[in-house]
Amino acid sequence: MRDLLLILHFLGLAMGLGTSFAFMFLGMASAKMSEEEAKKFRMQTMSLSRMGHIGLALLLLSGFGLIGQYLDNIADMPLFIAKLVLAALLILIISLMTMEAKKAMATGDDVHFNKIANMGKISLLTALGTMILAVLSFH
């Protein structure tokens with residue numbers, strides 16, 4: 001069962017972190033487009049966020065299954081606690097990005113896309129930090 005949970009956890013990581021990297025590269029591509037083309041492109045690529053949400057759900061579900069064996073020792077695992085705090089922060093950032101994405105899709109307003117882009121940078125760094133702390137806490 002643990003192996004299945006680890007596989008799902010890594011799959012969720014690949015999907016979630018992959019989405020962040022994809023949006024980063026798509027943002028660089030849209031920066032080279034005309035304003036009208038970039039807006040249309042951003043609207044079309046918003047559907048990619050679904051993959052990130054699925055990845056995050058897999059991470060959470062498998063993470064809850066995996067954490068059980070560490071509950072007795074969690075107080076002695078400061079890096080793991082820091083990882084959990086960053087994971088909670090990441091969930092908050094993604095929730096805020098999702099709300100902005102809904103506004104962006106409804107209005108097409110660049111203000112919302114700019115907020116998403118800024119939060120995307122923070123979410124990418126947060127996700128990378130979470131992954132690094134996960135590796136270090138089980139090293």
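Colleague: What should I know before I start?

Modeller: This is a predicted model, so local features need pLDDT of at least 70, side-chain atom pairs count only at pLDDT 80 or more, and totals for chains, interfaces and linings use all residues. Residues are numbered from 1 along each chain as its sequence is written, and side-chain values use heavy atoms, with hydrogens and water left out.

Colleague: What does the protein average in pLDDT?

Modeller: pLDDT is the predictor's confidence in each residue, from 0 to 100. Where it is low, the predicted coordinates should not be read in detail. Here the average is 91, and 100% of the residues score at least 70. Among the elements, helix α3 (residues 49-67) has the highest mean, 93. Helix α2 (residues 35-45) has the lowest, 86.

Colleague: How many helices and strands does the protein have?

Modeller: Both are DSSP runs, numbered from the N terminus: helices are H or I with at least four residues, strands are E with at least two. This protein has five helices and zero strands. The C-alpha trace spans about 55 × 25 × 25 Å along its principal axes.

Colleague: How do I read helix packing?

Modeller: Two packed helices are described by the angle between their axes and the distance between the axes. The axes are lines fitted to C-alpha atoms, for helices over the stretch in contact, and angles run from 0 to 180 degrees between N-to-C directions. Take helix α4 (residues 78-107) and helix α5 (residues 110-137): their axes come within 8 Å and cross at roughly 160°. That makes α4 roughly antiparallel to α5, a label for angles over 145 degrees.

Colleague: Which hand does the crossing of α4 and α5 have?

Modeller: A crossing is left-handed if the near helix is turned anticlockwise from the far one by less than a right angle, and right-handed if clockwise. The α4 and α5 crossing is left-handed. The crossing of α1 and α2 is right-handed; those axes come within 10 Å, at roughly 160°.

Colleague: How many salt bridges does a search of the whole structure find?

Modeller: Side chains of opposite charge can pair when their charged atoms come close. The cut-off is a side-chain nitrogen of Lys or Arg within 4 Å of a carboxyl oxygen of Asp or Glu. The search finds two. One of them joins R42 and D110, at 2.8 Å from N to O. This pair links distant parts of the chain: R42 is in helix α2, D110 in helix α5, 68 residues apart.

Colleague: Which residues make the nonpolar surface patch?

Modeller: F21, M24, F25 and M28 make a patch of about 370 Å². Patch residues have over 30% relative accessible area and no salt bridge; nonpolar side chains (Val, Leu, Ile, Met, Phe, Trp, Tyr) are joined within 5 Å, like charges within 9 Å. Accessible areas come from the Shrake-Rupley method with a 1.4 Å probe, and for residues only the protein chains shown count as cover. F25 lies in helix α1 (residues 2-30).

Note on methods
Parallel < 35°, antiparallel > 145°, perpendicular 65-115°, else oblique.
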